[in-house]
Structures are given as C-alpha cells and as structure tokens.
Amino acid sequence: MSAPQRRVRAGRPLWLPEAARVQQRYPALSGHRDTAVAVVGDGMTGALVAHAFASSGIPTTVLEGALVGGGSTAASSALLLKEPDLELTQLTARYGAGAGRRIWELSIQSVDQLVALLKRLRIGCDLKTRDAVYYATTAEAADQLRRESALRARSGFDAEWLGPGQLRRLTGIAGHGAILSKGSAQFDPYRACVGIVRRASAAGAQVFERSEVRRIEQAHDGVRLTTRQGTLHAERVIVATGYATPQFRPLAGRFRMYRTYVLATESIDRAQRANIGLSDVMVWDTERPYHYARWAPEHRLLLGGEDRLVQPGRRRRQQSRTAARDLRAYFEARLPGLATVRTEGTWEGLFAMTADSLPYIGPHRRYPNHWFALGYGGNGMTFGFMAARLLLERWQGLKSRDHALFEFARLRKR
C-alpha cells in the first residue's frame, strides 16, 4: 500500500549518509497481532501520530513499507514555515475571515509546538529557529504582497514589511519588497523523524519496518491489515502515507501529484558567503510554484523549488535535469555570488497537493474505521503535527471547529 521509497524520492538527500540509508532499526511484522490504532506510513506524520497516541497510553502499532523516515521525509528540505502555502488573503477569500485566520493560527501554533516537542524530547536534529523572508520578484507581486502584509498585521499576525533596500541588505536578493516573519525553524528531517519514532517506541508503540500493507479489510470491531508475513487487527487505522495510494484509488482525484527538487552546494567559506549576501534567514518567493533557500550544516546552501506536475509518460530523468538547471539559474540570477559555488548534491521528492492546498485530516464516509492524514503540499512537517493533535482529539471524543477546516467534505460546503 505504501509507495516504495525509490518512487517518492530520487537522489541521495543531504540528510542520508550512505550508512544510514540502508539501516533497519525495527523488525518486519510477522504472525498476528492486535492493537487499538494502526498507523500506516512512518514518515514525519506517521511518527508524530504514533508518538501522540502512544504517549497517551493508547496501544499503537506502526507499519512502514520500507524504512522509517526514508521516503518523502528524507527528501524534504525541512523549512518549518509558520505560513501555509496559501496566503492569508487567499484563504480569507475562499473560506472567510474567521476560518482563514484560524487556519493561520493553527499553522503558527503547530510550528511552535513541534519545536517545543523536539526540544523537550532532546532529539538531536540540528534544530534552529530562523526568521523567514517572503519576497516579491516583480512590482505587481510586491503590490499584492503589501496588501497581504497589511491584512496579516490587522489580523494580529507578525508581519514586518521590508523595502527593496532592506531586502537586499538582509538576503542579497534584488527584489521589490518582502514580509519578514519571526520564529520559523529548520532542522534535519530524517534525524527528527527517527528520533520521534524512537520516543514513540519507548512510550509503547510497536514499530515494524519493511511491512508494506497489501490489504485493509473490514473486520469485527475494526479493520484487518495484511502484510507479506503478518496480519494486524486494529480498532482504527490511520493512513499517513502523504497521498492516496492505489488501495484508495477513489480518493486519488482529490490530489495532484508534484515532484519538487533540491540542490545542495559545496561547503561555502566565509568570503564566499559574504559575497552571496544571504544572512541566517530562510527565504521564499511569491512565485507559484515557489523557490526557497536556507543554510544547512557544514555551511552549505540548500536551494529548492521548481515543482513539476507528475505527468505519466514524461521522462523523469530529463525532467529532473531540466528542473535542476532551472533552479540553479533562478538563484544565480538573484544571488550572483553563487556562480562560483559548485552544486554537490541534488535530489527530488514526491508530494500531493489538494485543490485548496490544505490537508485532509479525519474520516471519509467511504471507508469505515479509517482516518486519513494526507495532502500537505509544502507544509508536511507543520501539518503533520497538527494532524497528530486533531486525530488524537477525535479518538478521545473531542470535536471542535478546527476539525471541520480539514475534513474531506469542506470543499463541498463552499
């Protein structure tokens, strides 16, 4: 049921040293077991869900088709941006001022709470708090961004407007204006995921790798999951695979699949860094698909974006080469100092986007005893934490207006 990791990413991400890439930490499922909650997929969302449930004393079993954290999570560049993919003006126009503001509040809270969790669990993952700069590359985009900045300020959100000169001094980028937001973060997504799963296991979760779910069937008082070597009975299954796998083909039409691309430079010395001009901030632009950059360990610079819609029949390698070339050209045009800096690594990841760029979190009427956490767009780490909280609340019988913001039926209610 879960996609092979070679399909959801390609290339070797910076986070995966050769030795860690093949390391198996947990056994494969064999025989028959019973549990209260089965979690399918053990990337960052599955890890956070498993930790939330196991830490609350709920019998939890995790089934990962390959290796923990080795799929789309490892392909992430792990910008924990407090802003969702959709601007506040866009969410307000679609869902109204109250719902738009609440989605933003939840996104901000999720980043703060995930950072707090990683610190509390003392997970070594190169976690750093960073300000984020959201910049406009054209005068027209800057006018729209100013309106966005004003709405954020009126709504009580952090938003400092940067003029072209301030943007240039802070980032080295010659743009037309930007919004500076405080308190986002960045980290090593693979180490974070592995660490959270380790803590979930210590809290009582049963974790199984190389246990691809081949079938989920309705059973007495729950569901029955079948892998190659074993079966698992659960009261509830949480599908945290990121997107609708073939077993849930009727849901596939709700998602558009994209490939995203990341370049990692060689280590950059102090003189080169000064020439580039980018300070210790994360930057991303108003273009769609957007481009972004952040500093990484060993003084490397990560450049990401150039997302491409997955189209059957297109040559993936050629598409990857073209995307990498375009990504490099985009940033060299804005940070000319990069021209003398080599690219040392490239990789790509697969992600799902919904019609409104928000995830689906919760049940679907077609699938009894199933809950889903799917379709995060570019906010997988942030919304993964939110999914864990909302699903745990649902298990505990708690229901708030927050749940309705991410349910499958929300688009029909417009």
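This is a tutorial dialogue on reading the features of a predicted model.

Student: Let's start with the whole thing. How many helices and strands does the protein have?

Tutor: Remember that this is a predicted model. The secondary structure comes to 13 helices and 18 strands.

Student: What does the radius of gyration say about the overall form?

Tutor: The idea is to set the value beside what a compact globule of that length would give. For 414 residues that would be near 22 Å, and the protein has 21 Å, which agrees.

Student: On to charges. How many salt bridges does the structure hold?

Tutor: There are 22 salt bridges. To call one, look for a side-chain nitrogen of Lys or Arg within 4 Å of a carboxyl oxygen of Asp or Glu. One of the 22 is between E266 and R342, at 3.2 Å from N to O.

Student: Where do E266 and R342 sit in the chain?

Tutor: They link distant parts of the chain, 76 residues apart. E266 is in the loop between β12 (256-265) and α10 (270-276), while R342 is in the loop between α11 (316-334) and β16 (343-353).

Student: Is E266 buried or exposed?

Tutor: E266 counts as buried because its relative accessibility is 14%. R342, at 49%, counts as partly exposed.

Student: Which other residue forms a salt bridge with R342?

Tutor: E344 does, with the closest N and O atoms 3.4 Å apart. E344 has a relative accessibility of 46%, so E344 counts as partly exposed. Elsewhere, salt bridges that share partners join R101, R102, E105, R389, E393 and D402 into one network.

Student: What about a pair of sequence neighbours, say R325 and D326?

Tutor: R325 forms a salt bridge with D326, and their closest N and O atoms are 3.3 Å apart. R325 is exposed, with a relative accessible area of 53%. D326 counts as partly exposed at 23%.

Student: Let's turn to the backbone. What should I expect for phi and for peptide bonds?

Tutor: Most residues other than glycine have a negative phi, and most peptide bonds are trans. Exceptions deserve a look.

Student: Which residues are joined by a cis peptide bond?

Tutor: R288 and P289 are, with omega about 0 degrees. P289 is found in the loop between β13 (281-285) and β14 (292-296).

Student: And what is the phi of D126?

Tutor: D126 has a positive phi of about 55 degrees, although it is not a glycine. You'll find D126 in the loop between α6 and β5 (128-136), and at 23% relative accessibility D126 counts as partly exposed. R210 also has a positive phi, about 50 degrees, and is not a glycine. R210 is in the loop between β8 (206-208) and β9 (215-219). With a relative accessible area of 44%, R210 is partly exposed.

Student: What are the two separations for D158 and Y26?

Tutor: D158 and Y26 are 132 residues apart in sequence and 42 Å apart in space, again C-alpha to C-alpha. D158 is found in the loop between α7 (139-154) and β6 (160-162). At 39% relative accessibility, D158 counts as partly exposed.

Note on methods: Residues numbered from 1 in each chain as written. Predicted model: local features only at pLDDT ≥ 70, side-chain atom pairs only at ≥ 80, totals over all residues. Heavy atoms only, no water. Helix = DSSP H or I, 4+ residues; strand = E, 2+ residues; numbered from the N terminus. Rg over C-alpha atoms; globule rule 2.2 N^0.38 Å. Buried < 20%, exposed > 50% of the residue type's maximum accessible area, 1.4 Å probe, protein only.
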